[in-house]
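Here is a short note for someone opening this entry for the first time. Please read the points with the model in view.

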Amino acid sequence: MWKSRIGRIFSIVAFGCAIAVPGTEIRANGGVGTGSPPRGGKSGRLIVQRAPNFGTDLVVRLSIDGTRVADIPRNQHYGGFLSAGHHVLAVLALPKTDSRRPTSMRLTVQSGHVYIFNATWESDRLVLRPSTSYSPTTRVNAVQN
């Protein structure tokens with residue numbers, strides 16, 4: 001009983017820390033900047049993490065609105081801010097991209113919301129699946145374009 005309570009408390013604290021950590025701002029025009037959320041508060045939080053069985057020798061390349069923002073290795077996740085509005089998230093498994101194509105999805109961000117996705121395999125296709133939980137890992141540094 002105590003273990004389940006401690007686990008639940010740990011998960012809540014870890015999720016709170018993930019939200020509080022400053023990330024990378026992605027503006028609706030596709031520009032990438034670093035720092036805290038955009039002024040005016042019209043943003044949502046995005047977390048992209050790898051599924052536990054994703055593959056040890058693979059990296060997830062994340063692009064938002066056509067701009068490469070992160071390469072996510074094992075035991076790391078992407079955490080950043082997106083301006084409110086419509087965005088396109090694309091993921092690609094590296095290396096050996098010649099046999100794989102990026103998978104994309106549309107996301108409509110609402111101000112103040114948190115969006116958590118797991119990069120996982122569906123048959124032989126990489127997909128982003130919505131998640132209700134955050135796995136505490138190291139936040140990957142954003143790619144500087």
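**Notes on side-chain contacts**

1. Start with Arg61. Arg61 counts as partly exposed, at 25% relative accessibility. On this scale buried means under 20% relative accessible area, exposed means over 50%, and partly exposed lies in between (1.4 Å probe, protein chains only).

2. A word on the basis. This is a predicted model, in which local features need pLDDT of at least 70 and side-chain atom pairs count only at pLDDT 80 or more, while totals for chains, interfaces and linings use all residues. Residues are numbered from 1 along each chain as its sequence is written, and side-chain values use heavy atoms, with hydrogens and water left out.

3. The structure holds 4 salt bridges. The term needs a side-chain nitrogen of Lys or Arg within 4 Å of a carboxyl oxygen of Asp or Glu. One of them joins Arg61 to Asp71, at 2.8 Å from N to O. Arg61 lies in strand 4 and Asp71 in strand 5, so this bridge ties together parts 10 residues apart in sequence. Strands (E, at least two residues) are DSSP runs, numbered from the N terminus.

4. Asp71 has another partner. Its side chain also meets that of Arg68 in a salt bridge, at 3.3 Å from N to O. Arg68 is partly exposed, at 31% relative accessibility.

5. Look next at Glu122 and Arg129. They form a salt bridge whose closest N and O atoms are 1.9 Å apart. Glu122 is partly exposed at 35%, and Arg129 is partly exposed at 37%.

6. How many aromatic pairs does a search of the whole structure find? It finds 1. Phe54 and Trp121 are stacked, 5.3 Å centre to centre with 15 degrees between the planes. Phe54 sits in the loop between strand 3 (43–50) and strand 4 (59–64), and Trp121 in strand 9 (residues 114–122), 67 residues apart. Phe54 is buried at 3%, whereas Trp121 is partly exposed at 25%. Rings of Phe, Tyr and Trp (its six-membered ring) pair if their centres lie within 6.5 Å; planes under 30 degrees apart count as stacked, over 60 as edge-to-face and the rest as tilted.

7. Finally, the core. The largest nonpolar core has 23 residues, and Leu46, Leu62, Ile64, Ile72, Tyr78 and Leu107 touch the most other members. Among the strands that each supply at least two residues of this core are strand 6 (76–83) and strand 8 (103–109). Such a core is a set of buried Ala, Val, Leu, Ile, Met, Phe, Trp, Tyr and Cys residues joined through side-chain atoms within 4.5 Å.

How values were computed. Helices (H or I, at least four residues) and strands (E, at least two) are DSSP runs, numbered from the N terminus.
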